[in-house]
Number of protein chains: 4
Amino acid sequence: MSSISGTLFRVSTFGESHGPGVGVILDGCPPGFAINLDELQQELNRRKPGQSHLTTARQEPDSLEILSGVFEGKSLGTPIAMMVRNVDNRSQDYQSFAQIYRPSHADFTYHAKYGHRTPHGGGRASVRETIGRVAAGAIAKQILRNELGVETIAWVESVGTVDSQALKKPPQTRDQVDSNLIRCPNEIAAKKMIALVEEARSNKDSVGGTIGVIVRGVPPGLGDPVFDKLEAELAKASLSIPACKGFESGSGFEGTRLFGSQHNDEFIPAADPHKHGPTAELPAPVLETRTNMSGGIQGGISNGMPILCRLAFKPTATIAQALGSVNEKGESVTLEARGRHDPCVLPRAVPIVEAVFNLVLMDAYLRQRAAVPEWWIRYKRDREG
Amino acid sequence: MSSISGTLFRVSTFGESHGPGVGVILDGCPPGFAINLDELQQELNRRKPGQSHLTTARQEPDSLEILSGVFEGKSLGTPIAMMVRNVDNRSQDYQSFAQIYRPSHADFTYHAKYGHRTPHGGGRASVRETIGRVAAGAIAKQILRNELGVETIAWVESVGTVDSQALKKPPQTRDQVDSNLIRCPNEIAAKKMIALVEEARSNKDSVGGTIGVIVRGVPPGLGDPVFDKLEAELAKASLSIPACKGFESGSGFEGTRLFGSQHNDEFIPAADPHKHGPTAELPAPVLETRTNMSGGIQGGISNGMPILCRLAFKPTATIAQALGSVNEKGESVTLEARGRHDPCVLPRAVPIVEAVFNLVLMDAYLRQRAAVPEWWIRYKRDREG
Amino acid sequence: MSSISGTLFRVSTFGESHGPGVGVILDGCPPGFAINLDELQQELNRRKPGQSHLTTARQEPDSLEILSGVFEGKSLGTPIAMMVRNVDNRSQDYQSFAQIYRPSHADFTYHAKYGHRTPHGGGRASVRETIGRVAAGAIAKQILRNELGVETIAWVESVGTVDSQALKKPPQTRDQVDSNLIRCPNEIAAKKMIALVEEARSNKDSVGGTIGVIVRGVPPGLGDPVFDKLEAELAKASLSIPACKGFESGSGFEGTRLFGSQHNDEFIPAADPHKHGPTAELPAPVLETRTNMSGGIQGGISNGMPILCRLAFKPTATIAQALGSVNEKGESVTLEARGRHDPCVLPRAVPIVEAVFNLVLMDAYLRQRAAVPEWWIRYKRDREG
Amino acid sequence: MSSISGTLFRVSTFGESHGPGVGVILDGCPPGFAINLDELQQELNRRKPGQSHLTTARQEPDSLEILSGVFEGKSLGTPIAMMVRNVDNRSQDYQSFAQIYRPSHADFTYHAKYGHRTPHGGGRASVRETIGRVAAGAIAKQILRNELGVETIAWVESVGTVDSQALKKPPQTRDQVDSNLIRCPNEIAAKKMIALVEEARSNKDSVGGTIGVIVRGVPPGLGDPVFDKLEAELAKASLSIPACKGFESGSGFEGTRLFGSQHNDEFIPAADPHKHGPTAELPAPVLETRTNMSGGIQGGISNGMPILCRLAFKPTATIAQALGSVNEKGESVTLEARGRHDPCVLPRAVPIVEAVFNLVLMDAYLRQRAAVPEWWIRYKRDREG
């Protein structure tokens with residue numbers, strides 16, 4: 001199931017970076033939902049190349065065409081197919097290293113796996129593959145927001161050694177994130193990050209960083225015990241993004257240094273006892289926790305507190321410096337990269353991370369309302385009144 | 001699919017910590033493989049409670065019964081059902097807090113999700129659920145070792161603030177890991193770790209830590225692009241283990257601080273060119289990388305270098321100190337924990353981590369030989385000489 | 001996924017006919033449902049061997065043990081593992097033909113598939129495998145009955161050339177079916193059927209037949225377009241029963257002989273307009289069809305009329321006559337069957353067919369309430385008054 | 001998973017009959033296979049409307065565009081997305097009955113399921129949805145033919161009461177089938193069938209029929225025990241085709257009238273003992289059966305004999321006669337159909353049936369070579385000489 005993901009809200013993506021186009025089929029979108037199609041294009045615009053001098057110069061309009069599943073602005077309940085044509089794919093840039101394995105790229109592993117080289121430009125390993133996920137995730141986002149009040153916000157937490165510490169005081173709005181080119185809500189850190197990316201770029205180098213994520217408004221009860229724990233699904237979705245090499249939830253790695261007495265999240269009655277109050281349908285009371293070391297997930301299931309995660313992105317592999325490598329015959333060679341690449345993928349990763357989080361949460365939401373429809377009545381009613 | 005995992009090598013686990021027993025059905029085990037059943041029990045013994053004073057005092061023999069799928073020591077190709085009866089389940093220990101949500105446990109989230117409390121003792125959130133995975137993982141381990149030469153070794157990398165730095169020089173054998181009670185291959189660090197756990201225990205406290213993992217012998221080509229990247233599957237499997245809150249692969253979070261020029265793994269011809277040599281079946285040459293920032297995985301696909309990962313485990317939630325909490329009516333209460341729990345889960349997590357890694361790798365192996373059976377011929381032949 | 005079935009209500013079965021036992025894990029059962037455990041055993045008793053002289057003489061108590069997922073009579077929402085030990089497995093009966101492929105059995109195909117012979121007695125091809133499905137199906141049956149008013153009744157429609165024509169006037173109750181040993185609601189036909197089975201038995205022969213099925217009370221809307229049409233799922237489930245070789249829905253093969261003007265099911269307003277009336281939640285009106293050629297399913301989705309199907313079962317392959325065959329070396333040999341087998345599988349197939357139908361309907365029900373929870377509110381409210 | 005099918009060779013289809021277009025993503029196609037793209041278009045041409053006066057007058061070029069997964073004529077191993085634009089969709093034809101449920105169509109069931117009407121023209125219930133399956137099936141067909149020598153041939157077995165009895169002597173080539181407009185290899189029956197369709201058409205009526213299928217060259221070992229028996233998968237795939245209401249395998253319903261002594265397929269040594277001979281890899285001998293009541297499948301697994309099946313198709317629901325029905329308010333109305341429809345779907349169903357059979361067989365083939373790659377070596381070697 002290499003290119004299909006999800007149990008009930010399923011995405012199946014297609015397309016190579018230098019082929020005719022890329023896209024997605026979203027299967028399992030509930031019927032009758034009024035989709036804001038402009039918002040889909042906005043999310044693609046946040047993801048697309050060429051937004052600023054911090055990202056690759058490749059120019060792609062990334063105009064979304066909807067092929068099925070939507071009629072008069074509403075979802076039909078049938079598969080929603082969406083496509084973007086590739087426009088600015090200069091394959092000739094890749095011919096000089098067609099026989100060479102680019103370091104820390106997927107050239108060699110694809111060859112070893114499939115027995116042939118992918119076509120020019122990275123094929124399925126390209127970040128262009130994420131277009132389908134961003135489009136489908138933008139639909140998930142709208143349903144989650146309208147039906148449950150869920151909102152996912154991601155931002156650039158660090159670039160190289162510049163750490164914004166924003167996770168300790170997460171942004172309240174997406175506007176705070178989008179207020180600067182690097183998408184970091186801490187303005188002082190943002191300036192340092194931009195300077196660092198510019199430095200890397202002028203040095204023909206690249207730089208990595210981390211993304212912070214907060215999801216507010218998730219009602220208790222999403223996620224399944226054992227294999228499909230909510231944080232396990234989020235971890236898989238995160239690591240499925242190109243260049244992501246790490247994931248942590250709540251206190252994460254730092255929390256391993258603590259004693260249990262420092263780490264436990266004490267339960268307290270909710271500030272607003274009427275919010276999601278106990279009902280005949282579902283009798284659990286309304287609680288909060290004094291701290292949030294758990295990052296909103298306990299035993300793999302959301303507890304109603306904000307979900308907090310951090311993702312690690314390695315520096316872009318392609319740099320404009322000469323590199324040693326090996327060709328397909330196994331001989332040592334020197335590689336001069338061309339192509340157009342991002343000195344720092346982090347700003348464009350922000351909407352991608354939000355999208356994959358929303359896809360995971362939407363799938364968990366549908367699974368939960370299948371198992372316990374009383375749960376749906378409780379939380380949707382609360383939302384509506 | 002809350003209790004089923006895998007595409008071709010599938011495990012379906014069952015059982016609550018205080019019910020009749022726990023177990024697993026392993027579906028998709030290839031036929032005709034001679035399983036060393038003693039090794040299955042050995043892995044369960046490494047996982048079981050009561051191994052030392054560092055772990056819980058609960059006494060469980062964890063004797064494995066095989067109910068199907070094995071005949072005269074060989075796999076039939078049919079589902080292998082395996083079961084362990086629960087013996088020492090003192091449910092009365094849990095009655096005092098039957099109406100209270102234990103902090104940082106799954107009590108509240110299960111109630112909110114399912115509309116009722118799980119039975120005494122943690123139900124499916126208990127680490128006893130992992131018995132089925134450890135048994136199934138021990139079969140995966142044997143097949144991977146015999147057919148491809150793959151070996152997964154996990155160990156305790158850190159406990160609290162005591163960091164062994166063993167990932168920089170990973171252990172060569174499982175004996176090195178099992179040479180002490182804490183399962184850390186660095187003897188000096190191991191002593192400090194044991195002292196720290198003993199201190200936590202005498203303080204009625206608990207402590208967290210990290211697990212390091214190395215997988216040697218994985219041929220290039222395992223893992224799928226996009227959603228089922230090998231590190232995405234490993235991340236999901238890791239975060240599905242109780243108490244795991246973080247995962248990183250290769251350079252992970254630390255690597256985000258580097259420039260691309262520092263981070264790229266340069267390809268070099270292999271030291272042993274005959275190993276996995278290019279063949280008519282599969283023409284990719286034999287390579288190595290000078291560094292291994294990628295942790296053996298590029299573009300989500302194994303590259304033949306050792307796979308290196310690190311997992312974060314939070315401190316055990318149950319501690320013997322009095323804690324503030326809330327009961328099912330939403331009232332503030334004080335909780336005095338009883339039950340018998342691990343002051344540090346790390347030593348028992350080692351065989352669990354190995355098991356879930358082997359399950360992921362085995363599934364990826366079967367998927368790859370379905371897609372490219374020439375790959376199987378190349379690497380199995382190489383293995384056999 | 002050879003031994004796992006279902007999307008949300010999933011069964012994973014295990015066990016060989018002559019191994020330690022057989023059973024099932026039911027994953028995805030909604031929480032909080034009060035299961036009548038006696039009814040589970042009753043369904044197993046309807047399926048078990050040795051019920052009468054019409055069936056095999058193998059004596060098996062088929063006593064069900066529940067290993068997990070049920071607490072104080074209620075489902076926990078966690079996997080429900082259930083097991084039956086094999087008792088009367090005389091493997092020695094099978095040794096005489098251990099090297100010979102029994103005609104029309106699965107001996108040869110298993111050998112060709114797996115490269116080895118399954119153990120004595122048919123292994124997974126044995127009808128004993130269905131025990132797990134019957135147990136899980138009995139849970140599905142209770143939930144469907146209590147929440148939607150769905151009732152599935154199967155019966156023996158024909159044995160050999162004796163055709164009861166009961167499908168034209170289906171039985172109203174299961175008691176009508178169970179009123180005789182052959183489980184045919186038409187008493188006159190039943191007597192002829194019994195005589196035919198006795199004749200076959202005394203001739204050391206066996207006989208086939210068909211099963212009729214009606215499902216009453218299914219609300220409109222179950223089943224998915226395209227691949228997972230309701231009748232496609234029912235067909236698959238039917239053909240997955242040992243010895244089943246055919247399936248038809250509604251007018252089936254006979255309907256292919258008609259013109260469209262004869263075959264169309266004209267819509268008419270419902271006799272009881274308040275039943276499932278149009279609501280704000282779900283505005284479709286209440287309809288019936290004048291005829292029911294569609295068998296209650298149109299476009300793969302239930303339309304509220306009774307579902308009507310017919311299944312073909314071939315005569316039991318094992319007969320006590322000498323048969324020509326071939327051994328594992330490819331040499332011609334004569335086979336003298338021993339073992340104890342059913343001269344007619346039909347009476348025991350009745351509860352199996354009901355079980356697999358209920359499993360399919362239950363899965364479709366959960367999928368529909370995930371997609372359109374308003375649907376659940378409408379039909380559950382209607383059910384409750 | 002309403003619009004996704006398969007375990008390893010997976011198709012995900014999209015598109016409504018009157019939307020922008022229809023298509024498919026084929027996920028899991030093995031890499032490096034040289035696809036004959038002309039053959040894909042040829043299969044679409046066999047399926048498309050407007051081929052003759054026996055089928056609908058809708059004119060659609062059904063020109064296939066390949067969006068991904070193929071490079072220089074070879075499969076990449078990545079998802080193959082394929083699309084056909086809708087051209088001749090006269091939605092206005094459907095406006096007259098936009099508020100009326102057409103009898104025996106899916107209008108009412110879609111409304112009841114989704115809470116809204118699908119857009120004009122049948123939406124996903126339209127036979128246009130099968131375009132994606134035919135395109136993907138044509139790839140499966142080529143791989144099965146080239147690697148195993150498998151060939152699936154379907155034909156029109158009967159139309160109304162005109163029965164060709166061709167299943168008793170199945171056609172040897174697809175040319176025999178395509179030699180007349182109705183696609184029946186028995187020329188005498190074909191003429192009668194054509195006359196019957198013409199009669200139905202001039203009477204503003206429609207007519208049903210059956211499709212016969214033979215699959216030659218399937219090696220023993222395809223199909224899984226229990227749920228995913230080969231005939232269970234074929235039954236599901238068959239019943240997933242619009243208008244299909246029945247499936248039988250081998251002796252099917254007729255075989256239920258026989259005694260076991262008449263029905264058993266006696267094994268005999270193979271005519272050509274070198275074909276698929278026993279090998280070190282896989283020791284089962286080469287056998288045939290004297291009769292083929294089993295239709296090439298025993299215990300759910302292919303036995304090497306030809307697979308024989310028969311499918312029932314109801315008469316087209318849309319006819320040009322006035323029909324009684326009910327509108328969305330639940331009122332009785334009279335419906336005058338317009339639209340352009342097939343008086344007989346059978347000729348166009350032939351390539352669809354072949355496609356879904358090839359999809360099932362291809363998936364079973366990949367699953368089998370994952371489980372037992374030695375099997376692949378044996379049968380591919382045999383194929384190659």
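**Reading contacts, symmetry and sheets**

Modeller: In this predicted model, 14 residues of chain A are in contact with 14 residues of chain C.

Biologist: Which elements give two or more residues to the side of chain A that touches chain C?

Modeller: They are helix 10 (346–371) and helix 11 (373–384) of chain A. Helix 10 of chain A gives the most, with five residues. By class, this side of chain A has ten nonpolar, two polar and two charged residues.

Biologist: How should I read the relation between two copies of a chain?

Modeller: Two copies are related by a rotation about an axis and a shift along it. Here, chain A is superposed on chain C by a rotation of 180° with 0.0 Å of shift along the axis, at an RMSD of 0.0 Å. The two copies are therefore related as by a two-fold rotation axis.

Biologist: Which C-alpha of chain A is nearest the axis?

Modeller: That of A:Ala370, which is 2.1 Å from the axis. The same surface serves both copies, as 100% of the contact residues of chain A recur in chain C.

Biologist: How many residues of chain D are in contact with chain C?

Modeller: There are 102, and they are in contact with 102 residues of chain C. Helix 3 (residues 107–114) of chain D supplies the largest share of the side that touches chain C, seven residues. That side of chain D divides into 41 nonpolar, 42 polar and 19 charged residues.

Biologist: In what ways can the strands of a sheet pair?

Modeller: They pair through backbone hydrogen bonds, either parallel or antiparallel. As one pairing to find, C:Glu248 has D:Gly246 as its bridge partner.

Biologist: What is the strand order in the open sheet of chain B?

Modeller: This open sheet has five strands in the order 1-2-3-7-4, with antiparallel pairing. Its edge strands are strand 1 (4–5) and strand 4 (65–66) of chain B, each pairing on one side only. Two bridges join strand 4 to strand 7 (residues 80–85) of chain B, and B:Glu65 stands opposite B:Met83 in strand 7.

Biologist: Which strands of chain B does helix 4 lie across?

Modeller: Helix 4 (residues 130–148) of chain B lies across strand 2 (10–14), strand 3 (21–27) and strand 7 of chain B, running at about 35° to strand 3.

Biologist: Is helix 9 of chain C mostly covered or exposed?

Modeller: Helix 9 (residues 346–371) of chain C is mostly covered, with 26 of its 26 residues buried.

Methods. Residues numbered from 1 in each chain as written. Chains lettered and ligands numbered in written order. Predicted model: local features only at pLDDT ≥ 70, side-chain atom pairs only at ≥ 80, totals over all residues. Helix = DSSP H or I, 4+ residues; strand = E, 2+ residues; numbered from the N terminus. Expected span 1.5 Å × (residues − 1). Buried ≥ 20, exposed ≤ 12 C-beta atoms within 10 Å, placed from the backbone. Contact = placed C-beta atoms within 7 Å. Nonpolar A, V, L, I, M, F, W, Y, C, P; charged D, E, K, R; others polar. Least-squares fit on C-alpha atoms with pLDDT ≥ 70 in both. Pairing = 2+ DSSP bridges. Axes fitted to C-alpha atoms, helices over the stretch in contact; angles between N-to-C directions.
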